[in-house]
Amino acid sequence: MIFEKAGIDDLTSLVELRMSYLTEDCENLSEFQKKQILEKLPNYYRNHLDKDFFAYVCREEKIVGCCFLCVAERPSNPAFINGKIGTVMNVYTKPECRRRGIASKLIKLLLSDAEKMNLDFVELKATDAGYNLYKSLGFEDVISKYHDMKFLLTAHNAN
């Protein structure tokens, strides 16, 4: 197995892995949503890969697992002095390759790069299935006086 950063030549595989992840994670993903996402992903990857978006992959004969790191720069404050934070997304291993330590190795590679990028911290939202893995790698539960909230600006739930 080879663990490394993905390149632009991996665009098709990154799209496929993202769609596999979303199909498993979002139980009610409509065909309309799938179509819209499929149209947008290639351009996103072309515009952001190795700039503020990094994809880590595990290759056997082909890519069997991945995880993504999105880097954002914000005004410095006591919680992030350097002003740079990372968000882990799309930790995914193909079902037939699970329980072999692939996700763990990918996250370790991602965290090593995050440290080299001088990020203040790396955050993620863990599913129940991934929670123990992330805890074992050193991620901590966040307790905050703030509430996670959002305001939807697009009608992305259309059928």
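Colleague: How many helices and how many strands does the secondary structure of the chain come to?

Modeller: In this predicted model, the chain contains 4 helices and 5 strands. Their order along the sequence is β-α-α-β-β-β-α-β-α. The radius of gyration is 16 Å, close to the 15 Å that the globule rule gives for 159 residues, so the chain is as compact as a globular protein of that length.

Colleague: What does the C-alpha trace of the chain span along its principal axes?

Modeller: The span is about 40 × 40 × 30 Å. Within the chain, buried residues account for 36% of the 159 residues. Of the contacts with a separation of 6 or more, 65% join residues 24 or more positions apart.

Colleague: How should I read the accessible surface and the charges of the chain?

Modeller: The accessible surface is about 10700 Å², and carbon and sulfur atoms contribute 51% of that area. As for charge, there are 22 positive and 23 negative side chains, and the centres of the two sets are 1 Å apart.

Colleague: Let us turn to a single helix. Which residues of helix 3 are buried?

Modeller: The general idea comes first. An α-helix has 3.6 residues a turn, so residues three or four places apart point the same way. In this structure, helix 3 has 15 residues and reaches 22 Å from its first C-alpha to its last, close to the 21 Å expected at 1.5 Å a residue. Its buried residues are Ile102, Ala103, Ser104, Leu106, Ile107, Leu110, Asp113 and Ala114. These pack against strand 1 (2–5), strand 2 (53–59), strand 3 (63–73), strand 4 (84–93), strand 5 (121–123) and helix 4 (128–136). Just after helix 3, asparagine 118 adopts a positive phi of about 65°.

Colleague: Is serine 104 buried or exposed?

Modeller: The cut-off for a buried residue is under 20% relative accessible area. Serine 104 has a value of 18%, so this residue counts as buried. Serine 104 belongs to helix 3 (residues 102–116). Apart from its neighbours within four places in sequence, serine 104 is in contact with Leu133 and Leu137.

Colleague: Where does isoleucine 85 lie, and with which residues is isoleucine 85 in contact?

Modeller: Isoleucine 85 is part of strand 4. Its relative accessible area is 2%, and isoleucine 85 is therefore buried. Neighbours within four places in sequence aside, its contacts are Cys70, Val71, Ala72, Arg74, Phe80, Leu119, Phe121 and Glu123. For one of these, cysteine 70, the separation along the chain is 15 residues, and the C-alpha atoms of isoleucine 85 and cysteine 70 are 8.4 Å apart.

Methods
Residues are numbered from 1 along each chain as its sequence is written. This is a predicted model: local features need pLDDT of at least 70, side-chain atom pairs count only at pLDDT 80 or more; totals for chains, interfaces and linings use all residues. Side-chain values use heavy atoms; hydrogens and water are left out. Helices (H or I, at least four residues) and strands (E, at least two) are DSSP runs, numbered from the N terminus. Buried means under 20% relative accessible area, exposed over 50%, partly exposed in between (1.4 Å probe, protein chains only). Contact means heavy atoms within 4.5 Å. The radius of gyration is taken over C-alpha atoms; the globule rule is 2.2 Å times the number of residues to the power 0.38. Accessible areas come from the Shrake-Rupley method with a 1.4 Å probe; for residues, only the protein chains shown count as cover. Lys and Arg count as positive and Asp and Glu as negative; His and the chain ends are not counted. The place of a charge is taken as NZ of Lys, CZ of Arg, CG of Asp or CD of Glu. The expected span of a helix is 1.5 Å times one less than its number of residues.
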